[in-house]
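Below is a short briefing on one protein model, grouped by topic. Please keep the structure open while reading.

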Amino acid sequence: MATLSALVSGLEAELQRLGYKDSTLVWYRGCWRRMQKHFAARGVEEFSLDAAMAWVDDACGFFDKEQAGTLKRTDVYLFRVAQMLEDYAVHGAVLRRYNRSVSKLDVAGAQTVARFQAHLRSAGRSASTVRTYGTLAGEFVAFTDTRGGLGCCDAAMIGAFVATLAGYQFKTVEQKLCAVRSLLRFASAAGLVDGACLEAVPAARSARQARIPSVEAAPFEWTPRTM
């Protein structure tokens with residue numbers, strides 16, 4: 001993985017090549033400087049999305065606001081700074097895929113996520129796991145809301161969600177899929193989804209895989225995992 005300073009240097013040159021305005025670059029440079037100070041204070045040199053999101057969270061309380069549905073545009077802009085660096089690290093290019101929903105889950109979705117987090121706490125999961133899995137579960141539940149809701153979840157819906165993970169690092173994809181798998185296991189036990197959904201969630205067998213898992217993938221590449 002590249003160092004943050006090397007990524008910032010390369011990304012800045014790419015933004016200039018793409019014709020970003022000077023005023024916009026000034027704003028990005030300010031964000032990058034603050035992120036670099038955050039990394040340096042923690043002795044971190046190599047870039048990772050987790051470390052970048054820790055900076056975002058410190059800067060604006062991102063995760064708590066996301067759970068509460070109170071994200072502001074300025075908070076989402078900081079998320080985009082982190083995601084842009086991640087995309088550049090993975091693809092060597094600037095992608096137009098930094099949108100993070102600032103809208104609340106509907107009442108039913110928020111209640112499902114809250115119940116899921118309560119289940120994790122009762123199972124003795126750490127506070128960080130409860131928070132992270134709650135955030136990732138919320139992303140998935142919000143996605144299902146665009147396709148009829150969690151109760152309509154099936155292999156096709158899971159495949160569509162997996163397709164949105166293209167470009168993320170392997171560890172990020174695995175974390176998101178683990179959270180979805182855990183949510184669906186809980187939802188199945190609660191009678192909220194068909195338990196067959198679990199069989200459609202792909203699981204990585206090796207960190208050397210270079211592509212996003214497919215629910216139709218061959219067994220030697222990706223295998224469904226039930227938990």
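In helix 1, the buried residues are L4, L7, V8, L11, E12, E14 and L15. Viewed down the axis of helix 1, these buried residues fall within an arc of 165°, so they line one face of the helix. Here buried means under 20% relative accessible area, exposed over 50%, and partly exposed in between, with a 1.4 Å probe and protein chains only. The arc is that of the directions from the helix axis to the C-beta atoms.

This is a predicted model, in which local features need pLDDT of at least 70 and side-chain atom pairs count only at pLDDT 80 or more, while totals for chains, interfaces and linings use all residues. Residues are numbered from 1 along each chain as its sequence is written, and side-chain values use heavy atoms, with hydrogens and water left out.

**Overall make-up**
- The protein has 9 helices and 2 strands; helices (H or I, at least four residues) and strands (E, at least two) are DSSP runs, numbered from the N terminus.
- Along the sequence the pattern reads α-α-α-α-α-α-α-α-α-β-β.
- Of the 227 residues in the protein, 43% are buried.
- Among contacts (heavy atoms within 4.5 Å) with a separation of 6 or more, 60% are between residues 24 or more positions apart.
- The protein exposes about 11600 Å², of which carbon and sulfur atoms supply 51%; accessible areas come from the Shrake-Rupley method with a 1.4 Å probe, and for residues only the protein chains shown count as cover.

**Helix geometry**
- Helix 1 (residues 4-17) has 14 residues, which at 1.5 Å a residue should span 20 Å; its end C-alpha atoms are 20 Å apart, which agrees. The expected span is 1.5 Å times one less than the number of residues.
- G19, which follows helix 1, has a positive phi near 85°.
- In helix 8 the buried residues are M157, I158, F161 and V162. Seen down the axis of helix 8, they fall within an arc of 140°, so they line one face of the helix.
- A156 and A163 are exposed on the other side of helix 8.

**Aromatic pairs**
- The whole structure holds 9 aromatic pairs, where rings of Phe, Tyr and Trp (its six-membered ring) pair if their centres lie within 6.5 Å; planes under 30 degrees apart count as stacked, over 60 as edge-to-face and the rest as tilted.
- F62 and F79 form a stacked pair, 5.9 Å centre to centre with 20° between the planes. F62 lies in helix 4 (residues 62-68) and F79 in helix 5 (residues 73-91), so the pair ties together parts that are 17 residues apart in sequence.
- F62 and F79 are both buried.
- Y20, W27, Y28, W32 and Y77 are linked by ring pairs into a cluster.

**Cysteines**
- A search of the whole structure finds 0 disulfides, a disulfide being a pair of cysteine sulfur atoms within 2.5 Å.
- The closest cysteine sulfur to that of C153 is in C197, at 3.8 Å, too far for a bond.
- C153 counts as buried, at 6% relative accessibility.

- T112 is in helix 6 (residues 107-122) and counts as buried at 12% relative accessibility.
- Not counting residues up to four places away in sequence, T112 touches L150, L183, F186 and L192.
- G167 lies in the loop between helix 8 (155-163) and helix 9 (170-189) and counts as buried at 13% relative accessibility.
- G167 and E86 are 81 residues apart in sequence and 8.9 Å apart in space, C-alpha to C-alpha.
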